[in-house]
Structures are given as structure tokens and as C-alpha cells.
Amino acid sequence: MKKIGFIGAGNMATAIIKGLIAQNNGKADFISVFDVSDDKLRLMDKLGVNTCSGAAEVVEQSDITVLAVKPQNYPEALESLKSAVSEDKTFVSIAAGISIAYVQKLLGCKCPVVRVMPNTPLLLKKGASALCPSENISDDDKQTVYDMFAGSGVCEYITEDHMNEIISVNGSSPAYIYLFAKSMADYAQSKGIDYNTAINLICATLEGSAAMLRESGDNADVLIEKVSSKGGTTIAALEKLREHGFTEAIFDAMEACTKRAEELGK
């Protein structure tokens, strides 16, 4: 079994770690973790993983190391790993905008790197993750990293030239959907409908709509048409959304997300 390490033990790392433990029937001793927070390390202890006194120790003990720190902390974090790095060590980066070449440059080593953009529904095993492995990765490590994320949701391979753009598709997009759902629930509440009742119906509608997109065999345009009776209520709502530039607003929002990723990118 491959030994997996984590530099950082925040929400995303914890979700991945719990997924790995679940995939391995509760076994946790193949996982090593370091975080600057003692509180987070105590939580890791409770999960049964190996907690380390430093980041380099994690790399020394691991075949694959997940870099679960913020983009602005990469220079400092990766500098501390150099003494433990070699070309037979694989690294996984889950930070927005951080390129494979940048990770290799900071590590001072042409080691295999997998760039991943997961999203927060991973916490509920409903994640959507985009992966881009470097060319020098072994098939075994590539599969291990894929399984690491596929165990908590859906995975798709993406070329690196689209990794910044994919952030707007699956990485940041849960926030757009939450805003859409909140707006619907706020409208319902303004009309005297209980907020929680509305949210329950909205969540079920979102889940059902996703299932229709995935399983009905119809594309989005056909599904819209099937809900829209001529002269009916849905047509009235869609006309108002189009009047307010709904599609253009989504495009602009996603473009802004991509541009910010490029600004963060290295």
C-alpha cells in the first residue's frame, strides 16, 4: 500500500483523509500529517493517522504527499521540504493557480506532480475533482491519486492549460449555486413561506435536476423546453431571467473567477 502524507490539515485535507480511511476499512496508519496547528494535529490523532513534528518528516515517510496549504504559503512550505525530496516522491497540489512547474521549481526537483482542483462537497463524499498529472508520473501513483479523490465523488482528467478555467466550473461554483438557492428561498420567505420548508424543496429540486441532466438522456436545452409550456409560468420566469442577462452574468462571473486564478497563478 502506498504511504500518503499531508502538509496541512484543514477542511479539504481532512475530507480527503477521512475518505482514504473509509476506502481502507478504517485503516489509517499509512497516512502521515503535519500542520502548524496543534489543535488540528490532535484531531488527526483521533483519526488514527501518524502526526509528524515537521513537514519534511511527512515527505520522508510518504510515497505521495498532498500539499494542502494556501497558495501564498507555498514558497515557505515547499522550501522546508527540499531536504526530503527526490524524484521517486510524488506531490499533489490542491491550491488554485499553482502550476506543476512552479511546484517543481520550489522543490528544486523534477518530481512527479498532480495538480488537482477539488471542491467542498468532497466533505460529504459528493465532490467533483479535476486532475492533471505531470508526464513523469508512474501509472501506479497516477491511479492512487485518482482513487484518492474518486472515493469522495466524481473525477475528471483535464489538461493543465485548462486548470485555471476549470476552477470556475467545479471549484468555486458551489458558491454560485448556494447564492441561487438562497435567492429562491429568500423570495419564498418574503411571500410568507417558511424558509426551511423552501430550502428543503429547493435542495430536492437541485438534486433532481442534476439527476435529470445526468440520466434522462436529454441535454439542458431539451430539458428546459420540457419544463416550459407555451404561455405558462416557467416561460414567464425564463423571459425575466433573460431580460436581466442571466446567462451573461454567469459567463462574466466565471470569467472573473478564471482571471483571479491567473493572477494567483505561478
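This is a predicted model: local features need pLDDT of at least 70, side-chain atom pairs count only at pLDDT 80 or more; totals for chains, interfaces and linings use all residues.
Helix H12, spanning residues 246-264, is the biggest giver to the negative patch, with four residues.

I then picked one of them, Asp252, which sits in helix H12. Is Asp252 buried or exposed? Its relative accessible area is 55%, and exposed means over 50%, so Asp252 counts as exposed.

Next I went to Gln104, which I found in helix H5, residues 100-107. Its relative accessibility is 10%. The cut-off for buried is under 20%, so Gln104 goes down as buried. Which residues does Gln104 touch, leaving aside those up to four places away in sequence? I got Cys109, Lys110, Cys111, Val113 and Asn136.

Last, I checked backbone angles.

Asn25 has phi near 55 degrees, positive although the residue is not glycine. I placed Asn25 in the loop that runs between helix H1 (11-23) and strand E2 (31-34). Its relative accessibility came out at 77%, so I logged Asn25 as exposed.

Lys125 also went on the list: its phi is near 60 degrees, a positive value in a non-glycine residue. The loop here lies between strand E6 (113-117) and strand E7 (127-133). How exposed is Lys125? At 43% relative accessibility I have Lys125 down as partly exposed, because that class lies between the buried limit of 20% and the exposed limit of 50%.

How values were computed. Residues are numbered from 1 along each chain as its sequence is written. Side-chain values use heavy atoms; hydrogens and water are left out. Helices (H or I, at least four residues) and strands (E, at least two) are DSSP runs, numbered from the N terminus. Buried means under 20% relative accessible area, exposed over 50%, partly exposed in between (1.4 Å probe, protein chains only). Contact means heavy atoms within 4.5 Å.
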